[in-house]
Amino acid sequence: MRCLIALLLLAACKSEDPGEDAGTGDDAGVLGEAIRTNETSGNTGTAGELAVTVSVEEGDRSFMVVGTSEEAHLAVLAIDDPSGATILRWQDWYNERRYVTNAFWATRQATVINWPIRDIDPALVPGDYVVHLGSYRADGTTSRPDIDVDVTSLISSDQDVERGAIRVLVLWADGLGEDAALVSATEAAIAHWADVWEGADMALEVRYEQSSIDPLLPYPGGMGGPVLLEASAFAEPGEVVVIIGELVNDDPSQYGVSGQLPGPLVPSTLSAIVVGWLANAGGDGVFSDNDIQLYGEVLAHEVGHYAGLFHPVESAYDAWDALDDTPECGGQRACEDMLGTNLMFPYSIGCATGMCLSTTGITNDQRAVMQRYTGTR
Ligand SMILES: [Zn+2]
């Protein structure tokens, strides 16, 4: 039984305010140059749990497991290493005020975990890892047995954890890719994002595509799932999808929201980042230089979530990431002083004056998380 917790931050931000065996039917493939994929399906049985085996080989760096269900909410319960030792368990984190992954909360009909997450997590060793998934009712806490789950495992054999690149698909909502001013501002913002991410030794490989998706984008989750699923179908294997729309959830202060943390590398109801361009243009529809700086940092921040980064402190100053080199500050003043220029700070400072404080800081531990994201190559 999992105890109740307030619905977790959905990786929103940058607003002004702040079992049984995994069944058969393997369908193995190769994703990109260094990612192997394996698709299976299984049923969570009477225990409401499904054990997914991930076969790690010599030289593999990290893996991701994505589970999806048509019927139930899903969560990750634990990861066992090839010796059988449990190296990650939900009980250690569920009531913590430090966050390492959103996978323990059964808030959606899909779940995703990346492993290892931090540089202090044990590096992969060859052998069979087991990722335990659980199926739950919509309350996210009551077990719901006998649920069919589709599972995709992705394993990266890119051993470099010092320098990496992420592939991004910028997907224009209907008609926006023909707005020359918006395209130009977005390209300038992405150039700034690339500069910011250089601080984590991360490069961007960006591709653009048009779509007929409604520019009034939904908030990810629940009702937004189908739009994220539709958008993620545009992705080539390994790409992270960023949808540029006009507004998110009809909220002119909503800059961008990541579909999950970390984000899946396969099409799903979680698999995109939604961005509302009007908010990024400061609401007046015209991009100033400061707007473009903010827009680029919003993109860098939201895809930072997708690559596994939490806010170093949440906007109530009562919860933190699980990284050692981002201080556990308390209170607005101290947190803004210590962390206000960090890329992952939960809100932008000074925007009311028309000049948002630039947030380009990335710590070594944050860099290590990004470098271990399975989509980083
Ligand atoms: Zn955020």
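**Fold and aromatic pairs in a predicted model**

Colleague: Where do the numbers come from, and which pLDDT limits apply?

Modeller: This is a predicted model, with local features needing pLDDT of at least 70, side-chain atom pairs counting only at pLDDT 80 or more, and totals for chains, interfaces and linings using all residues. Residues are numbered from 1 along each chain as its sequence is written, and side-chain values use heavy atoms, with hydrogens and water left out.

Colleague: How many helices and strands does the protein chain have?

Modeller: Both are DSSP runs, numbered from the N terminus: helices are H or I with at least four residues, strands are E with at least two. The count for the protein chain is 6 helices and 20 strands.

Colleague: What share of the residues in the protein chain is buried?

Modeller: Buried means under 20% relative accessible area, exposed over 50%, and partly exposed in between (1.4 Å probe, protein chains only). Of the 377 residues in the protein chain, the buried share is 57%.

Colleague: How many aromatic pairs are there in the whole structure?

Modeller: Rings of Phe, Tyr and Trp (its six-membered ring) pair if their centres lie within 6.5 Å; planes under 30 degrees apart are stacked, over 60 edge-to-face, the rest tilted. The search finds 11 aromatic pairs.

Colleague: Why is the pair of W90 and Y94 edge-to-face?

Modeller: W90 is buried at 13% relative accessibility, and Y94 at 2%. Their ring centres are 5.4 Å apart. The pair is edge-to-face because the planes stand at 85 degrees.

Colleague: Which aromatic cluster includes W105?

Modeller: Y99 and W105 form an edge-to-face pair, 6.0 Å centre to centre with 85 degrees between the planes. Y99 is buried at 5% relative accessibility, and W105 has a relative accessible area of 5%, so W105 is buried. The cluster is W90, Y94, Y99, F104, W105 and F310.

Colleague: Which backbone nitrogen does the side chain of T101 reach?

Modeller: T101 sits in the loop between β9 (98–99) and β10 (110–115). T101 counts as buried, at 1% relative accessibility. At 3.1 Å, its side chain reaches the backbone nitrogen of A103.

Conventions:
A polar contact is a pair of N or O atoms within 3.5 Å; within protein, one must be able to donate a hydrogen and the other to accept it, and residues adjacent in sequence count only if both atoms are side-chain atoms.
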